[in-house]
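The following paragraphs lead the reader through the structure shown below.

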Amino acid sequence: MKVLVTGGAGFIGSNFIRYVLSRHPDWEITNLDKLTYAGNLDSLRDVDSCPRYLFVKGDIANRKVVDKVLKQGFDVIVNFAAESHVDRSIIDSSPFIKTNVQGTQVLLEGARQHGVKLFLHISTDEVYGSLGTEGKFTEESPLLPNSPYAASKAAADCLCRAYYRTYGLPVIITRCSNNYGPFQFPEKLIPLVITNALEDKSIPIYGNGLNVRDWIYVADHCQALDLIIQQGKPGEIYNIGGNNNTTNLELVKYILNIMGKPRSLITFVSDRPGHDRRYALDTTKIRQQLHWKLTTSFEEGLRRTIQWYLENESWWRKIKSGEYIKYYHRMYSQT
Ligand code: NAD
Ligand code: DAU
């Protein structure tokens with residue numbers, strides 16, 4: 001099977017490529033990635049020389065690039081490519097509209113013209129907005145995005161739906177909760193906490209730290225996507241979640257505890273504007289219809305993740321120098 005992965009040099013995409021190459025000896029993967037600040041070929045060094053893997057540098061919002069790549073003929077497109085960080089979308093939403101909305105439209109159109117058999121679009125639980133103290137989002141919950149990032153992802157989901165309804169393009173949308181694991185860019189909470197703690201730097205917590213997220217180990221997400229490619233039904237949406245809800249404050253204390261670092265590193269900073277209070281996903285559909293099961297406990301996943309950052313200092317230290325420093329100081333200048 002020939003699979004085009006977009007955004008494969010990012011966190012989840014690189015984990016997904018490694019996951020499927022090792023499990024499907026008959027799959028050939030082409031990775032189309034623009035290599036933005038979040039794209040990192042160091043995350044794919046171990047698969048670089050695999051004869052079933054090819055990297056192409058390019059922008060999913062560029063029709064000519066997409067057309068040229070799709071001429072090679074693909075059975076499946078897995079669209080991870082996106083601007084993915086909420087805080088950056090608050091600073092400047094333009095690249096989010098360009099990549100997440102326009103880029104998805106260009107890919108959908110390309111998939112339609114080139115007869116792709118499955119378009120798997122990787123969306124997020126953030127499209128549903130924020131919950132109060134009760135309840136969970138199902139696939140039928142309304143789209144009520146609150147950040148420019150979430151709004152751009154919701155717009156892309158609507159385009160995916162429209163291409164299925166209007167043209168019969170076989171599209172599946174997945175909406176996953178917060179991922180963590182190896183190769184995650186250290187602007188996101190968990191790798192930020194781990195790497196700052198390793199450097200004995202302060203750990204910024206937005207607002208009162210009582211916002212709740214549902215954390216899933218990235219390999220469990222990849223496994224769910226693999227299953228959906230093989231057994232998912234076109235036109236459907238599948239929630240994917242870790243069934244592991246914690247406040248940010250509890251999470252940070254837990255990580256510091258495992259790492260043997262003091263709680264005094266915690267620093268409360270101004271809240272994220274429009275900060276969603278709580279996400280929680282009802283995953284009955286994927287569990288009942290596709291028999292998907294979580295395999296990694298939160299404790300095990302966190303221990304593996306901390307160990308990975310300990311053993312791969314050169315990966316994150318390279319990122320945490322240069323341009324990253326400017327972004328970091330701009331974000332946390334209020335501390
Ligand atoms: P990431 O920011 O780590 O990686 C994004 C990748 O996309 C990078 O390699 C980047 O270079 C590439 N990219 C960006 N713009 C591009 C463009 N115009 N053309 C081609 N490539 C481009 O993101 P991630 O955390 O791996 O997330 C991947 C996908 O999963 C995103 O669509 C995101 O919305 C979704 N998602 C993420 C999470 C999470 O917790 N990280 C949870 C649910 C859904
Ligand atoms: O829910 C899925 C989403 O999870 C994905 O769609 C996004 O691509 C991904 O970035 C992630 O979004 P979040 O905004 O939830 O993740 P982030 O790691 O940025 O923040 C997690 C929580 O921690 C959130 O409530 C904000 C808070 N936070 C974050 C950072 C970076 C802090 O308190 N301090 C921080 O320094």
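In this predicted model, Asp 214 has Asn 245 of strand 11 as its bridge partner. The two strands concerned, strand 9 (residues 212–217) and strand 11, pair in the antiparallel sense over three bridges. Strands of a sheet pair through backbone hydrogen bonds, in either a parallel or an antiparallel manner.

These strands belong to an open sheet of three strands, ordered 7-9-11, in which the pairing is mixed. From one strand to the next, the twist averages 50°. Helix 8 (residues 248–259) packs on this sheet and touches strand 9 and strand 11, its direction making about 90° with that of strand 11.

Two loop residues may be considered next. Most residues other than glycine have a negative phi. Asn 243, however, has a phi near 50°, a positive value, and lies in the loop between strand 10 (237–240) and strand 11. With a relative accessibility of 56%, Asn 243 counts as exposed, because the threshold for that class is over 50%. Phe 183 likewise has a positive phi, near 70°, and is found in the loop between strand 7 and helix 6. Is Phe 183 buried or exposed? At 13% relative accessibility Phe 183 counts as buried, because the cut-off for burial is under 20%.

The buried residues are Ile 190, Pro 191, Leu 192, Val 193, Ile 194, Thr 195, Asn 196 and Ala 197. Just after helix 6, Asp 200 adopts a positive phi of about 55°.

Strand 8 (residues 203–206) is covered on both faces. In a regular strand, the side chains alternate between the two faces of the sheet. Here Ile 203 and Ile 205 lie on one side, Pro 204 and Tyr 206 on the other, and all of them are buried. Strand 8 pairs with strand 12 (residues 266–269) in the parallel sense over four bridges, and Ile 203 stands opposite Ile 266 of strand 12.

The packing of helices remains to be described. Two packed helices are described by the angle between their axes and the distance between those axes. For helix 4 (residues 94–113) and helix 5 (residues 148–167), the axes come within 8 Å and cross at roughly 15°. Helix 4 is therefore roughly parallel to helix 5, and their crossing is right-handed. Among the residues that meet are Phe 96, Ile 97 and Leu 108 in helix 4, and Tyr 149, Ala 156 and Leu 159 in helix 5. By class, this contact comprises eleven nonpolar, four polar and three charged residues.

Helix 4 also crosses helix 2 (residues 63–70), the two axes coming within 10 Å at an angle of roughly 35°. The crossing of helix 2 and helix 4 is right-handed. Arg 63, Val 66 and Leu 70 of helix 2 make the contact with Gln 105, Val 106, Leu 107, Gly 110 and Ala 111 of helix 4. The residues in this contact are five nonpolar, two polar and one charged. Gln 105 of helix 4 takes part in the contact with helix 2 and in the contact with helix 5.

Notes
Residues are numbered from 1 along each chain as its sequence is written. Chains are lettered from A and ligands numbered from 1 in the order in which they are written. This is a predicted model: local features need pLDDT of at least 70, side-chain atom pairs count only at pLDDT 80 or more; totals for chains, interfaces and linings use all residues. Side-chain values use heavy atoms; hydrogens and water are left out. Axes are lines fitted to C-alpha atoms, for helices over the stretch in contact, and angles run from 0 to 180 degrees between N-to-C directions. Angles under 35 degrees count as roughly parallel, over 145 as roughly antiparallel, 65 to 115 as roughly perpendicular and the rest as oblique. A crossing is left-handed if the near helix is turned anticlockwise from the far one by less than a right angle, and right-handed if clockwise. Contact means heavy atoms within 4.5 Å. Ala, Val, Leu, Ile, Met, Phe, Trp, Tyr, Cys and Pro count as nonpolar, Asp, Glu, Lys and Arg as charged, and the others, Gly among them, as polar. Two strands pair if DSSP finds at least two bridges between them. Buried means under 20% relative accessible area, exposed over 50%, partly exposed in between (1.4 Å probe, protein chains only).
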